[in-house]
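Dear colleague,

I am passing on the structure we spoke about, and my notes on it follow below. Please read them with the coordinates open beside you.

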Amino acid sequence: MKDLLKISGIFAFLVIAIPMIGFAARDSAVPEPDEGASETEVTSTTETASAVSDISLEEFSVLDYTTGQVMTMTMTEYVIGAVLGEMPAAYGEEALKAQAVAAHTYAVRRILCQEETPDPELMGAYISNDSSKYQAYFSPEQAKAFYGSAYEEYEEKVSKAVNEVIDCVLVYDGEPIVAAFHSISGGKTESAEAIWGTAVDYLVPVESEYDEEAPTFYSESVFTSEELSARLTQSDYGITLPEEKEGWLEIIETTESGTVSAVNVGDKTMTGMELRTLLNLKSPVFEVSYDKEGDSFTFSVKGSGHGVGMSQYGAGKMAENGSDYKEILEYYYPGAEVVGIGDIIQ
């Protein structure tokens, strides 16, 4: 069998992740889409067919980082909790199924990664519910607290979707993929290479025009010059700003998807992802302007999240327009295919 994990897990939330869940709620029952796969460590590891054969749907362990206790559950229970924590449960059933397959695929990769190179911080578990490092997961109690009176309705809906696809995973060349996803693209998804510096055959740009219809597609972040100066000069980048404020920031390169790939920040050149992290912008697709009269900088941002892989909002709209979960997944991960878990277990 080929190297099974050329890229280690990609699902730890980026800058805008919120503890316990990465999205802000519009109301208690209809959360905003989440940003899921993030800040990647690109490594090469080798896995064997014997490791794949150990994958089980019956037992999956999760470290509760708040208590230090390891929770044991079935894979189905885990994926239900992950979907409840990752995608608005108000989305269509086919979108929820797509999210479930992505979450399951990620969990399978975590099993393989832990068995190959165990992380002692996980205390024997495959994953943690710390959404700053891994994909989000809601225990039933957390889901009840978040969804309130709508919990039973949404739990039943998500459970139905998960149970219909729990035997499915996404593969490329027979290997579980890095199922990166994000909330809303800038109108076109981004490549893994542009964001994380490593090309991945199935994490390439695709059109996602539905995203432009999202009510939160556009956002602005405004900083006074004093605020921005403090953020920049007190960072670990050692930035020195020129006297003329008009020269503090200059975007010098963007990708075809609109991601800022290079921006001059004072005497340093950074990526858009780095500046996004530093300033807590919603995405690395942005423009910046300086208002001399108001002595402020405005970042005009498109989308939410890193932009790689499946757009959750786009998936929701595709489902509304009749696409099934396989069509959604195979659109956002070109070249990947949905197969039964038995097809990769030897």
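The buried residues of helix H8 are Gly272, Met273, Leu275, Arg276, Leu278 and Leu279. Since 6 of the 8 residues of H8 are buried, this helix is largely enclosed by the rest of the structure. Please keep in mind throughout that this is a predicted model.

One of the neighbours of H8 is helix H7 (residues 225-233), which packs with H8 (residues 272-279) at an angle of about 115°, the two axes being 10 Å apart. H7 passes H8 in a right-handed crossing, and the residues that meet there are Leu228, Arg231 and Leu232 from H7 and Leu275, Leu278 and Leu279 from H8. Divided by class, the residues of this contact are 5 nonpolar, no polar and 1 charged.

Asn280 lies in the loop between H8 and strand E11 (286-291). With a relative accessible area of 41%, Asn280 is partly exposed, because that value falls in the range between the 20% limit for buried and the 50% limit for exposed.

Asp173 also belongs in this part of the notes, as a residue other than glycine with a positive phi, in this case near 55°. Asp173 sits in the loop between strand E4 (168-172) and strand E5 (175-176), and at 53% relative accessibility Asp173 counts as exposed.

Turning to helix H4 (residues 140-147), you will find that its buried residues are Gln142, Ala143, Phe146 and Tyr147. These four cover an arc of only 115° around the axis, which puts them on the same side of H4. The face of H4 turned away from its buried side carries the exposed residues Glu141 and Ala145. Among the elements that cover the buried residues of H4 are helix H2 (75-86) and helix H5 (151-165). H4 is followed by Gly148, and the phi of Gly148 is positive, near 60°.

In general, two packed helices are described by the angle between their axes and the distance between the axes.

For H3 and H9, the axes come within 7 Å and cross at roughly 140°. That angle makes H3 oblique to H9, and the crossing of the two helices is right-handed. On the H3 side the contact is formed by Glu94, Ala95 and Gln99, which meet Gln312, Ala315, Gly316 and Ala319 in H9. The residues of this contact divide into 3 nonpolar, 3 polar and 1 charged.

For H9 (residues 312-320) and H10 (residues 325-332), the packing angle is about 140° and the axes are 10 Å apart. H9 and H10 are therefore oblique to each other, and H9 passes H10 in a right-handed crossing. Here Gly314, Ala315, Met318 and Ala319 in H9 meet Glu327, Ile328, Tyr331 and Tyr332 in H10. By class, this contact of H9 with H10 has 6 nonpolar, 1 polar and 1 charged residues. Ala315 and Ala319 of H9 accordingly take part in the contact with H10 as well as in the contact with H3.

Glu94, whose place is in helix H3 (residues 93-116), deserves a separate look. Leaving aside residues up to four places away in sequence, Glu94 touches Ala319, Ser323, Asp324, Tyr325 and Ile328. Glu94 and Lys326 are 232 residues apart in sequence, while their C-alpha atoms are 8.6 Å apart in space.

Finally, some totals for the chain. Its secondary structure comes to 10 helices and 14 strands, and buried residues make up 55% of its 346 residues. Of the contacts in the chain with a separation of 6 or more, 71% are accounted for by residues 24 or more positions apart.

With best regards

Key
Residues are numbered from 1 along each chain as its sequence is written. This is a predicted model: local features need pLDDT of at least 70, side-chain atom pairs count only at pLDDT 80 or more; totals for chains, interfaces and linings use all residues. Side-chain values use heavy atoms; hydrogens and water are left out. Axes are lines fitted to C-alpha atoms, for helices over the stretch in contact, and angles run from 0 to 180 degrees between N-to-C directions. Angles under 35 degrees count as roughly parallel, over 145 as roughly antiparallel, 65 to 115 as roughly perpendicular and the rest as oblique. A crossing is left-handed if the near helix is turned anticlockwise from the far one by less than a right angle, and right-handed if clockwise. Contact means heavy atoms within 4.5 Å. Ala, Val, Leu, Ile, Met, Phe, Trp, Tyr, Cys and Pro count as nonpolar, Asp, Glu, Lys and Arg as charged, and the others, Gly among them, as polar. Buried means under 20% relative accessible area, exposed over 50%, partly exposed in between (1.4 Å probe, protein chains only). The arc is that of the directions from the helix axis to the C-beta atoms.
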